[in-house]
Amino acid sequence: MKIHEYQAKQLLSAAGVKVPRNVVAKTAAEAAEGYTKLGGEIAVVKSQIHAGGRGKGTFKQHPEQRGVVLVKSADAAKDNAARMLGSTLVTIQTGPEGKLVSTVLIEEGLKIARELYLGVVVDRESGGPILIASTEGGMDIEVVAHKTPEKILREPFDVEAGLRPFQARNIAYRLGLEGPSIRAAEKMLTQLSKFFIDHDCSMVEINPLVVTAEGDLVVGDAKVAFDDNAMFRHQDLLPFRDLSEEEPMEVQAQASGLSYVKLDGNIGCLVNGAGLAMSTMDIIKYHGGFPANFLDVGGGANVDQVTEAFRIILADPNVKAVLVNIFGGIMKCDTIVTALLTAYDKIGIKVPLVVRLEGTNVDLARKMLAESGKPIIVGTDLTDAAQKAVKSLGA
Amino acid sequence: MSILVDKNTKIICQGITGKSGLFHSQQCRAYAKEHRPGEDVFVGGCTPGKGGTEIDGFPVFNTVEQAVQKTGANCSLIFVPPPFAADAILEAADAGIGLIVCITEGIPVLDMARVKRAMVKSTSRLIGPNCPGIITPGVAKIGIMPGYIHKIGSVGLISKSGTLTYEASWQLGNIGMGQTTAVGIGGDPIIGTTYIELLAMFEADPKTESILMIGEIGGNAEIQAAEYIKSHVTKPVAAFIAGATAPPGKRMGHAGAIISGGSGTAAEKQAALEAAGVVVAQSPADMGTAVKKAIEKRK
């Protein structure tokens, strides 16, 4: 679960991590008030969306307007916020459709001496959390890692003990910090690692981490995401979820216990198992087609789930054919065909439907399909099914 | 021969009184009965608070420790719900269970980090979580896979995915091949046993003549495996990597199946495996034939 920058800063601040003084605004008037309240000469107005690249991003409705702007008056705060709020911000991370801005963050301007990078993620290799730091703050860290890997500092830390103060100091010195910044870094890094563990985060990214002219360390921008599997013990974080940032069909699928990811092709896929679902997308592409989605109905696949799965797939207007690929293991193929036929009647499928079945009770299941009288195209194996699905588009 | 599982494996199920736990324990027991009639392979289960009872002929114990004492179990199959699964794994390790197979999907990743840390000094081996389990065809099934798809044979199978493993086993069966052992390692970011350890076991297993490795996007375990194969594996290896068409930054069902920061792509994994001399199937329909090709290539 991803959250907005302003929410991340709110949580980080509560955990003792230093963030700039700020005001959250939902209207232009609130933005102006926020500027006045902060009382400084310079403030920053930042569009709040779940995507990076906002500073260089522009709005569909206002091509001259950037997603993050420095302002020097309440009027400027107001005018910029007015253009941002209710408009669609397009950045390199949002895709051409962009994202609607409904909140802006007004923040005090900082006297920036240096910009660093800090991140905490789960490291598969060491099997635990890892702190990543770099002197190249404000840059895309993946680009830094690719071009100058020596500028990336990696410090795995113990999931029980958290980042130890000496580890934090090591990183601080390696980042070239000095004077009061060392103590500030020790505090911030240990707090950040504790925050990561306490909240079951999947990612915390502070980019940039600002070293102020006074040598203090302050969070410039913050990205925080939580482990979906751990949300059961963080009910207090659920209100931070912004459903408007998520693909509506993915939200609906999740509520029905289905795993669905929308893609931009035209062949819908309905598959049991994540690996087979990915492979089904792959084989469609291999035979010259384009998958419209990833969809794993899971091991249970009952009538309700299959019906819901069809509904979700067919709600995508791009879908011009559907490929069902089921490998019946413990779940018998005939059970799935029963679900399939029921769903077929309920939904009224109007695009070509190719079904490939294999596994337990497959003969009975194929017979049921053949006798159903429905115009279902049967694929004899994976390749045949994928080819037939691709071909059905031309027919 | 086989790896991990043999005729001395005695299995219990943690979470045996739950719906899935009971169903799959019954299936595993039936598999053992069919292939090794008269032998006691699946010996009971655990559910705290239900010790002393029996469920469909399985004795139920309160703790794994008690189950081990009474049954001599050395393997545990875990179906405990995600919030309690990490504790269940550690309980099994503490009771001296040598092989722990965790099927549970959805365990918080930091819980697995804690398990990993706690098991550093343990002699127990964890398979999974979020996996279909292990099967040594004709000997024992410890998992949720349909037993009959897996034929006895000479291919060592290692996979991150469940149904894709079934698909591969079925393809192998169609060309007259089977497996020594098939291991589902799981689709989570932090897992108990990864490719390299299993590659080493299959390399050392005299009955295993070739290896099929099924991977997917996310992380770099397949790339590390490729490095290992290059320097340590003499047997023919074939592979398939799922998710060539997956978009970056999106989780594809499995918690670990995500391309992040442009790394963990199918293309880079395929390239690394090919560079290590592995025959990589481009289509998931060709996993079985890829094994055949890998064997022929070595002749």
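**Entry 1: domains of chain B.** I began with the domain assignment of chain B, which gives domain 1 (11-127) and domain 2 (145-298); such bounds come from an automatic or database domain assignment. This is a predicted model, in which local features need pLDDT of at least 70, side-chain atom pairs count only at pLDDT 80 or more, and totals for chains, interfaces and linings use all residues. For my own bookkeeping, residues are numbered from 1 along each chain as its sequence is written, while chains are lettered from A and ligands numbered from 1 in the order in which they are written.

I then looked up the confidence (pLDDT is the predictor's confidence in each residue, from 0 to 100). Chain B has a mean pLDDT of 95, and 100% of its residues reach 70 or more. For the complex, the predictor gives an ipTM of 0.93 and a pTM of 0.94.

**Entry 2: where the two domains meet.** Taken over C-alpha atoms, the centres of domain 1 and domain 2 of chain B are 26 Å apart. I found nine residues of domain 1 of chain B in contact with nine residues of domain 2 of chain B (contact: C-beta atoms, placed from the backbone, within 7 Å). On the domain 1 side, H4 and strand S7 (125-127) of chain B each supply at least two residues. H4(B) gives the most to that side, with four residues. Helices (H or I, at least four residues) and strands (E, at least two) are DSSP runs, numbered from the N terminus.

By class, the domain 1 side has seven nonpolar, no polar and two charged residues. Here Ala, Val, Leu, Ile, Met, Phe, Trp, Tyr, Cys and Pro count as nonpolar, Asp, Glu, Lys and Arg as charged, and the others, Gly among them, as polar.

**Entry 3: H4(B) again, with H3(B).** I followed H4(B) to another partner. Helix H3 (residues 82-94) and helix H4 (residues 109-118) of chain B pack at about 10 degrees, with axes 9 Å apart. Axes are lines fitted to C-alpha atoms, for helices over the stretch in contact, and angles run from 0 to 180 degrees between N-to-C directions. H3(B) and H4(B) are therefore roughly parallel; angles under 35 degrees count as roughly parallel, over 145 as roughly antiparallel, 65 to 115 as roughly perpendicular and the rest as oblique. Ala86(B), Ile89(B) and Leu90(B) of H3(B) make the contact with Asp111(B), Met112(B), Arg114(B), Val115(B) and Ala118(B) of H4(B).

**Entry 4: the sheet of chain B.** I traced an open sheet of seven strands in chain B, in the order S9-S8-S11-S10-S12-S13-S14, with mixed pairing (strands pair if DSSP finds at least two bridges between them). Its edge strands are S9 (140-143) and S14 (279-280) of chain B, each pairing on one side only. S8 (residues 133-136) and S11 (residues 179-184) of chain B run antiparallel and are joined by two bridges. Ile134(B) stands opposite Val183(B) in S11(B).

**Entry 5: across to chain A.** Which helix gives the most to the side of chain A that touches chain B? It is H8(A), with 11 residues. Overall, 44 residues of chain A contact 47 residues of chain B.

H8(A) and helix H5 (residues 163-174) of chain B pack at about 70 degrees, with axes 6 Å apart, and are therefore roughly perpendicular. Gly275(A), Leu276(A) and Ser279(A) in H8(A) meet Thr163(B), Leu164(B) and Glu167(B) in H5(B). I sorted this contact into two nonpolar, three polar and one charged residue.
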